[in-house]
Amino acid sequence: MSSFSPGLKFSQGMLSRTILYEGHQSLNARMMAFGGWEMPVQYSGIIDEHLAVRKACGLFDISHMGEFEISGEDAGGFVNRVLTNDASRLSVGEGQYSILCNDEGGTIDDLYVFRLATTRYLWVVNATRIASVGSWVDRLRAGSDLMEVEVLDRSAHWSALALQGPRVIEFVNAVVAGPSEGGSAVAAVTDLAKNQIGLFRFGDEPIWVSRTGYTGEDGFELLIDGGHVEALWGQLQSQGHVACLQPVGLGARDTLRTEMGYPLYGHELSESISPLEAGLGCFVKLEKGEFVGRDALLRQQSAGLQRHSIAFRMTGKSPPPRPDYKVWLGDQALGVTTSGSVSPSLKTGIGMALVSVNFPKSGGAFEIEIRGRRYGAISVRKPLYKDAAS
Amino acid sequence: MSANIPNELRYAKSHEWIRIDESVATVGISDHAQAELTELVFVELPEVGREVEQEEACAVVESVKTASDIYAPLSGTIVAVNEPVAENAGLVNDEPYKGGWLFEIKISDPDELSGLLTAEQYLESISG
């Protein structure tokens, strides 16, 4: 078992720690390196935490994620000019999933954009992509005729938690009080609709709460000044007791999102994979007018896509599929898996792959090579797990 | 270190345990290893009859997160495998030294035995 390494693998240099690091340790979390951060991969166990989120609820430290604020008179115009989704549809207090492309149509990052106020937007970006988003947006802003735009990387200021699962609505209002003071105007956190965001209070402290997540379940994501995140984490843990709240690590975060067929940057998306190839065409509004990467994406579309992201499940007993396994159709090498795992909900191997054949959305049979042997798989329409709330 | 490391067994640095019964070695993974690997969801066993060299990868255990090779701690021929763990990988977590054994090797080179670790030496190797 030489590949087995107790403890943490340090990649290069020091890893960053979130403010909650010691809290995770006191919960006996197993830590892992992820995108330059030392993060909890699991507490009680990946399968247990996964099922807790599907059946009750879970609490995730996602403070490693990045936040950018874009403000100024031209903020709305700029945001819509650089992202693929139609940000002009956002009212104050609304958010949407979107993509930041490069000029070739490849993906700089996938992100959530929220309209916090008339001329103020928030992007929540992947931890691994903060620097790349920052430098690309600086270049786009420098080259833009939209002058009244300020872009601030607020990643060091904000800490973020995700509260996910059908039972979070039982106690979230007891921790974060309404009514909202900004963003969406609601009486209580649980009055937020899907993709809405509001500014509330945790004690005296401002806190942004959105009804979003990366699990497929109902839930919220909370942004608070890092100086108050430990108190928030503690309050959620104690109030969440009534709803069987459990801390959940990145391991279950990955299996939960894989069951939904949600992309993970570096797997389904990269600077050389376009959102169209990744199957995210519904978040690319080619008809909305000029935006970064549009010309390249239009060319891709008219020439026909060379690669397609598909979701699949294994059809028989097999080892768990994992990223970078070869995909075959007879003698033809079709591409590679991009994500893969055992689905704790479905108790079978599932994943996503980037392939050169336009398979039917469901029912297309192929094979995945695992350690020199081939195992049967079948394309499945996303989400792979169909009983989630959203 | 709270891991259970039975005295009567021998160990490999790569975390396999070995129970010697005349010329046959039964092999599994240590309690420490199963705890570090976390909940196992899949075990791939070698074929009976396969000849293996010492330190050759010959089985795989997989958690939700990772796949890890298991190495033959001694050279020889695989003479038996524990089919129940292929059906229920959790046996390796629950009973690493009993129902969770992986395979048996008919030893071809008894000289290799002297290189295996005692329980005390293995404890030292994982305490560093």
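Reading chain B from its N terminus, the elements follow the order β-β-β-α-β-β-β-β-β-α-α-β-α. That comes to four helices and nine strands, where helices (H or I, at least four residues) and strands (E, at least two) are DSSP runs numbered from the N terminus. This is a predicted model, in which local features need pLDDT of at least 70, side-chain atom pairs count only at pLDDT 80 or more, and totals for chains, interfaces and linings use all residues. Residues are numbered from 1 along each chain as its sequence is written, while chains are lettered from A and ligands numbered from 1 in the order in which they are written.

**Chain B as a whole**

The radius of gyration of chain B, taken over C-alpha atoms, is 13 Å, close to the 14 Å that the globule rule gives for 128 residues, so chain B is as compact as a globular protein of that length. The rule itself is 2.2 Å times the number of residues to the power 0.38. Along the principal axes, the C-alpha atoms of chain B fill a box of roughly 35 × 35 × 20 Å.

Of the 128 residues in chain B, 44% are buried. Here a residue is buried if 20 or more other C-beta atoms lie within 10 Å of its own, exposed if 12 or fewer, and partly exposed in between, with C-beta atoms placed from the backbone. Two residues are in contact if their C-beta atoms, placed from the backbone, lie within 7 Å. Among contacts in chain B between residues at least 6 apart in sequence, 63% join residues at least 24 apart.

**Where the chains meet**

**Domains of chain A**

An automatic or database domain assignment sets the domain bounds. For chain A it gives domain 1 (21-65 + 157-257), domain 2 (66-153) and domain 3 (307-390). The centres of domain 1 of chain A and domain 3 of chain A, taken over C-alpha atoms, are separated by 30 Å. Their contact takes 11 residues from domain 1 of chain A and nine residues from domain 3 of chain A. On the domain 1 side, α2 (46-55) and α7 (250-260) of chain A give two or more residues, and α2(A) gives the most, with four residues.

Now look at α7(A): 10 of its 11 residues are buried. What covers these buried residues includes β1 (30-34), β2 (37-42), α2, β3, β17 (332-343) and β18 (348-355) of chain A. Just after α7(A), A:Gly261 takes a positive phi of about 75°.

**Strands side by side**

Strands of a sheet pair through backbone hydrogen bonds, either parallel or antiparallel. Two strands pair if DSSP finds at least two bridges between them. Chain A has an open sheet of seven strands in the order β10-β11-β12-β13-β9-β3-β14, with mixed pairing. Why is one side of β10 (177-183) and of β14 (246-247) of chain A left without a neighbour in the sheet? Both strands stand at the edges, each with a single partner strand, so one side of each has no neighbour there. α2(A) lies across β3, β9 (158-164) and β14 of chain A.

| Strand pair | Bridges | Direction | Partner residues |
|---|---|---|---|
| β4(A) and β8(A) | Four bridges | antiparallel | A:Ser71 and A:Glu150 |

**Backbone details**

Most residues other than glycine have a negative phi, and most peptide bonds are trans. A cis peptide bond joins A:Gly178 and A:Pro179, with omega about -5°, and A:Pro179 is found in strand β10 of chain A. In the loop between β5 (51-52) and β6 of chain B lies B:Glu55, whose phi is near 75°, a positive value in a residue other than glycine. B:Glu55 is partly exposed, with 16 other C-beta atoms within 10 Å.

Notes
Axes fitted to C-alpha atoms, helices over the stretch in contact; angles between N-to-C directions.
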